[in-house]
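Subject: Structure handover and notes

Dear colleague,

I am passing on the structure below, together with notes on what was found in it. Please read the notes with the structure open beside them.

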Amino acid sequence: MRAQFVLSEIGVGLRRNLTMTFAVVVSVALSLALFGGALLMREQVSSMKTYWYDKVNVSIFLCNKNDAKDVPKCAKGAVTAEQKAEIKADLEKMDAVEKPVLFETVDEAYKHYQEQFGDSPMAGNITPDQMQESYRVKLKDPQKYKVVATAFAGRDGVQSVQDQRSILDNLFELMNGMNVAAIFLMGLMLVIALMLIVNTVRVSAFSRRRETGIMRLVGASGFYIQMPFIMEAAFAGLIGGVLACGLLLAARYFLIDGGLALQEKLNLIDFIGWDAVLTKLPLVLAIGLLMPAVAALFALRKYLKV
Amino acid sequence: MIRFDNVSKTYPRQSRPALRDVSLDIEKGEFVFLVGSSGSGKSTFMRLILREERASQGMVHVLGKDLARLSNWKVPQMRRQLGTVFQDFRLLPNKTVAQNVAFAQEVIGKPRGEIRKAVPQVLDLVGLGGKEDRMPGELSGGEQQRVAIARAFVNRPMLLIADEPTGNLDPQTSVGIMKLLDRINRTGTTVIMATHDQNIVDQMRKRVIELEQGRLVRDQARGVYGYQH
C-alpha cells in the first residue's frame, strides 16, 4: 500500500464533495456530542446520588399541639415523652438503622427553617410552636425506607414518616429523563449521520467509477479499491469527533465554570470535573473514526463489486 | 491457456441465453479474432474470461484455473495476469500519459522503483516515447489507444483481451494498432480480439472464432472475417 497515493486520493475525494463532507462532519459531531453529553450526565447523576444519598435522612415527624386539631393521626394530642422514648428505643433496635439516631427539637427545626427560608415572606408568619420535633434516621441501605415507614407510620404521636430520598429522586428522574431525551436525539442524529455517510460514499464511488473500473480490471485487490472511500469517511468522521470533543469541553466550561457558572450558584452540588470529560474524549474520537468507516464498508459492499 | 467446456450463460431475467454450449481451447501464444454481429455473445465470452460473470453451465478454465472454483478474493490475483483494452480507451482524463500507465501498477502495489523503470519502457514499445507528460485529451484517438494498450501490457500479462480496439479509429490508424498488437503477440502474450473490422481480419490471417446468437458457428485457423457479413 502506497500511503502517498492513498492520501492524495482521499484529499481529492473530500474536496470534490465538499458540501456532503460538511454535512457528514456536522452530523457526526452533533451525534457524538450528544452521546458524550449523555455519558457525562449519567456520571453527574450517579455522583450526585452517592453524595446526596449519604446525607439524606428518613424523618419521623412527631405530632405537635397544633396537629391535634387538623391532622387525624394526631387526634390524641401532641406526642408524649413516653411515646418519644419508645420510638427512640425501637429505632435503635432496628438493624437497618444507623446509630446514633438524631433528635431534632422544635427550636432546632425553627432555626434550620429560618436559615433556609428566612428571606421569604412566608417565613415571618411561622412561629417555633408550629414546627415539629422529629427523629432523623440514616439508613444503612437507603432502599429499606419501607421498613421504617411501616413500623412507625401508624404509631401514636407520629405525624408522618418522610423519606427525603423521594424528593431527590424527583430531581434524578428529571435528569434521567433528560438523559433519555439526549440518547434518543443522539440515535436520530446517528441515523442521519449514517445515511449521509452511505450516500456520500455512494456518490463518491459513482464519480470515481472509471478509476475503480480500471483498478478492478488490472487486478487491484478489493481492499485497495475500497480503502480510499473508507479512509475518506473515517477522516470526515474523525473531524466530526474532534468537533464533538470541542463541544463537550466548551459545554462543561460554559455550564459549570464560566457562562452559567452553576458551580458558584449551586455550590451544594458536586459537579463532575474536567477529568470526567477528558476520559470520554478518546471514546468519542474512536467512535467518530470507526463508525463512518464501518458505514462506508457497508455502503461499498453494495456498490463496488469485485 | 483458456478452455471452455460446454459453457452456457443466461443472464437473470432473460430467457434467451447469451452463450450456449460453447466449447473451445485457446493455446498460449495464439492470436484469436472473435467475430459475430452485435448480441452474438462476444462480450459475454470476454466477461466470462475476466470473471466479471460466471458461467451458468459448463466450465471455464483460464490460466489453468477453474473460474467457478476461484474464490472472490483470488480474482484480483488472476486478473493481474490479464490485460484489457476497450473501444473507448477508458483513460483517466486528469492524469498524464505516464500517470495513466503507472496507475495500473500503483493500484496493485508495485514498488515505485519498478514503476519508474517499466513505464518508459512500455511507452517506448507502443511508440509513445517522449509523450509521457501529455494529457490524454491532447492525443489523437490512435495515440490514446496506444496508451490504453501500454496500460494493459505494463504488468506483462499472459493474455491480452481487446474489445474492438480499432472500433473508434480510421483504417490507417487501425493498421498501426494491429501491428502493435501483433508485436505484443510475438512476445508470447496470447491475444483475443473482438472486432467488426473485416479488412483487419482478412489481412491478418489468424484464427477466427465466430459466434452467432450465442453459439460457436465457426472456428477456423488462418481464417477470414466471414462470407456475407
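**Chain B: overall fold**

In chain B, 66% of the contacts with a separation of 6 or more are between residues 24 or more positions apart, a contact being two residues whose C-beta atoms, placed from the backbone, lie within 7 Å. This is a predicted model, in which local features need pLDDT of at least 70 and side-chain atom pairs count only at pLDDT 80 or more, while totals for chains, interfaces and linings use all residues. Residues are numbered from 1 along each chain as its sequence is written, and chains are lettered from A and ligands numbered from 1 in the order in which they are written.

Chain B has seven helices and 10 strands, where helices (H or I, at least four residues) and strands (E, at least two) are DSSP runs numbered from the N terminus. The C-alpha trace of chain B spans about 50 × 40 × 35 Å along its principal axes. Of the 229 residues in chain B, 41% are buried, that is, 20 or more other C-beta atoms lie within 10 Å of their own, with C-beta atoms placed from the backbone (12 or fewer would be exposed, and in between partly exposed).

Six strands of chain B form an open sheet with mixed pairing, in the order β6-β7-β8-β3-β9-β10; two strands pair if DSSP finds at least two bridges between them. At the edges are β6 and β10 (215–220) of chain B, each of which pairs on one side only. From one strand to the next the twist averages 15°, with axes fitted as lines to C-alpha atoms (for helices over the stretch in contact) and angles running from 0 to 180 degrees between N-to-C directions. Within this sheet, β3 (residues 31–35) and β8 (residues 190–194) of chain B run parallel and are joined by four bridges, and B:Leu34 has B:Ala194 as its bridge partner in β8(B).

Helix α5(B) lies across β6 and β7 of chain B and runs at about 165° to β6(B). Of its 13 residues, 11 are buried, so α5(B) is largely enclosed by the rest of the structure; among the buried ones are B:Glu143, B:Arg146 and B:Phe153. The cover over these buried residues includes β6 (82–86), α3 (97–106), α4 (112–125), β7 (159–163) and α6 (171–186) of chain B.

**Chain A and its side towards chain B**

Chain A holds an open sheet of four strands, β2-β3-β1-β4, with antiparallel pairing. Its edges are β2 (97–104) and β4 (158–163) of chain A, each with a single partner strand, so one side of each has no neighbour in the sheet. Five bridges join β2(A) to β3 (residues 134–139) of chain A, and A:Val97 stands opposite A:Leu139 in β3(A).

Where do the two chains meet? In all, 15 residues of chain A are in contact with 17 residues of chain B. On the side of chain A that touches chain B, α8 (209–218) and α9 (222–257) of chain A each supply at least two residues, and α8(A) gives the most, with six.

Best regards
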